[in-house]
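Subject: Model handover and findings

Dear colleague,

Please find the model below. My notes on it come after the structure.

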Amino acid sequence: MTLLPQTMHGRLCAPPGASTVVVLIPGGTYNASYWDIGYTPEIRSFRLAMNQAGVATLALDRLGTGGSSKPLSTLLSASAQAVAAHQVIQSIRPRFAKVVVGGHSIGAAMAMIEAGRYRDVDGVLVTGMTHRMNLVTVVPVLANMIPAPLDPALSARGLDAGYLTTGRGTRYKAFHTPGPLDAGAIAYDESTKDVFAATEAVDSLTLTTVITPASRGITAPVLLVVGNDPHFCGTLGSDCSSAEALRASEAPFFGTPSLKTYILGGYGHAINYAPNAPAYFGVVTNWLKTL
């Protein structure tokens with residue numbers, strides 16, 4: 001099936017004189033708001049941290065989410081999202097000396113597909129994803145997803161049943177454990193939740209797992225950041241016992257010799273929500289200076 005012309009929405013925030021832009025792709029059931037969390041933004045907004053460091057950000061709504069077009073869910077795939085991100089990157093590149101693509105979770109898969117296929121970026125930021133996953137925790141999270149039309153907060157969008165979202169009250173366990181329970185953070189996460197198409201997961205897993213990783217085509221430097229993520233660390237997931245162990249576990253799947261890794265302790269999958277997120281934001285800004 002062919003994806004008809006669509007519109008991808010994004011928010012560009014560029015401090016004066018910024019020469020580097022990070023194009024950001026959110027994960028499943030998230031939209032661009034993941035990169036600019038409005039609850040205690042001084043510690044949880046990736047966008048704010050980058051802008052304060054002089055780095056521009058372009059946070060995207062994946063097709064099907066936020067302000068972007070919402071085609072039939074079956075027309076969407078990780079590859080289609082990567083093509084859309086590539087077109088955005090090509091349109092923004094003339095304005096900046098350096099363009100970095102970044103993503104979280106399934107958005108990280110899309111970022112890796114884009115960078116490995118087109119090799120048009122100066123760096124790749126991967127968060128909340130590795131090439132091995134812990135199916136013991138991932139399968140229950142996916143099994144608990146519900147069709148978007150059944151969610152009262154999303155039913156008015158007119159999405160078909162192939163779009164999925166989290167059931168009410170499930171986001172903390174799915175995306176935040178073992179982090180501390182901050183009721184305000186979880187309430188904000190619930191209020192801004194979005195969807196993903198079931199078909200996005202198919203080639204996302206195929207093209208970013210140990211079988212045929214698109215990341216082997218990446219030649220630009222890569223920074224990979226995870227928390228104490230139960231979905232990608234341990235029990236057949238990657239070795240996250242240390243940054244060095246994570247690098248050794250992940251290096252075979254990347255074409256680039258420049259792979260750096262960082263583990264944000266004390267939180268789970270959605271690391272932008274971590275109370276100690278500024279530590280990882282600092283790692284990102286320091287890495288960007290080396291590109």
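Predicted model: local features only at pLDDT ≥ 70, side-chain atom pairs only at ≥ 80, totals over all residues.

Residues are numbered from 1 along each chain as its sequence is written, and side-chain values use heavy atoms, with hydrogens and water left out.

Parallel strands

Helices (H or I, at least four residues) and strands (E, at least two) are DSSP runs, numbered from the N terminus. Two strands are said to pair if DSSP finds at least two bridges between them. Buried stands for under 20% relative accessible area, exposed for over 50%, and partly exposed for values in between (1.4 Å probe, protein chains only).

Strand 2 pairs with strand 3 (residues 56–60) in the parallel sense over four bridges, and Val 23 stands opposite Leu 58 in strand 3. Strand 2 also runs parallel to strand 4, with six bridges joining them; here Val 22 stands opposite Val 100. Strand 2 is mostly covered, as six of its six residues are buried. Thr 20, Val 22 and Leu 24 point one way from the strand, Val 21, Val 23 and Ile 25 point the other way, and all are buried.

Strand 4 (residues 98–104) pairs in turn with strand 5, in the parallel sense and over five bridges. In this pairing Val 101 stands opposite Val 124. Strand 4, helix 4 (residues 106–118) and strand 5 make a right-handed β-α-β unit; right-handed means that, with the strands pointing away from the viewer, the path from the first strand over the helix to the second runs clockwise.

Strand 5 also pairs with strand 9 (residues 222–226), parallel and over four bridges. The bridge partner of Val 124 in strand 9 is Val 222. Five of the five residues of strand 5 (residues 123–127) are buried, so the strand is largely enclosed by the rest of the structure. Both of its faces are covered: Gly 123, Leu 125 and Thr 127 are buried on one side, and Val 124 and Val 126 on the other.

An open sheet of three strands has the order 6-7-8, with antiparallel pairing. Its edge strands are strand 6 (145–147) and strand 8 (196–197), each of which pairs on one side only. Strand 7 (residues 163–166) pairs with strand 8 over two bridges, and Tyr 163 has Ala 197 as its bridge partner in strand 8.

Cavity

How many cavities of 30 Å³ or more does the structure hold? There is one. A cavity here is a set of points, on a 1 Å grid over the protein atoms alone, where a 1.4 Å probe fits but cannot get out; lining residues have an atom within 4 Å of a point. Grid points are joined across faces, edges and corners, and a volume is the space filled by probe spheres set on the points.

The volume of the largest cavity is about 370 Å³. It is lined by 21 residues, and the closest to its centre are Ser 105, Ile 106, Val 138, Leu 142 and Phe 232. Helix 5 (135–143) and helix 8 (198–208) each supply at least two residues of the lining. By class, the lining has 13 nonpolar, eight polar and no charged residues. Nonpolar covers Ala, Val, Leu, Ile, Met, Phe, Trp, Tyr, Cys and Pro, charged covers Asp, Glu, Lys and Arg, and the others, Gly among them, count as polar.

Cysteines

Taking a disulfide as a pair of cysteine sulfur atoms within 2.5 Å, the count comes to one. The disulfide joins Cys 233 to Cys 240, with an S to S distance of 2.1 Å. The torsion about its S-S bond is about -75°, so the disulfide is left-handed. Both Cys 233 and Cys 240 are buried. Cys 13 is buried too, with a relative accessible area of 11%.

Backbone points

A cis peptide bond joins Thr 177 and Pro 178, with omega about 10°. Pro 178 is in the loop between helix 6 (171–176) and helix 7 (183–191).

Thr 40 is not a glycine but has a positive phi of about 45°. Thr 40 is in the loop between strand 2 (20–25) and helix 1 (41–44), and is partly exposed, with a relative accessible area of 24%. Arg 119 has a positive phi as well, near 50°. Arg 119 lies in the loop between helix 4 and strand 5 and is exposed, at 53% relative accessible area.

Regards

Conventions. 1 Å grid on protein atoms, 1.4 Å probe; cavity = no way out; pocket = protein on both sides within 12 Å on 5 of 7 lines; lining within 4 Å.
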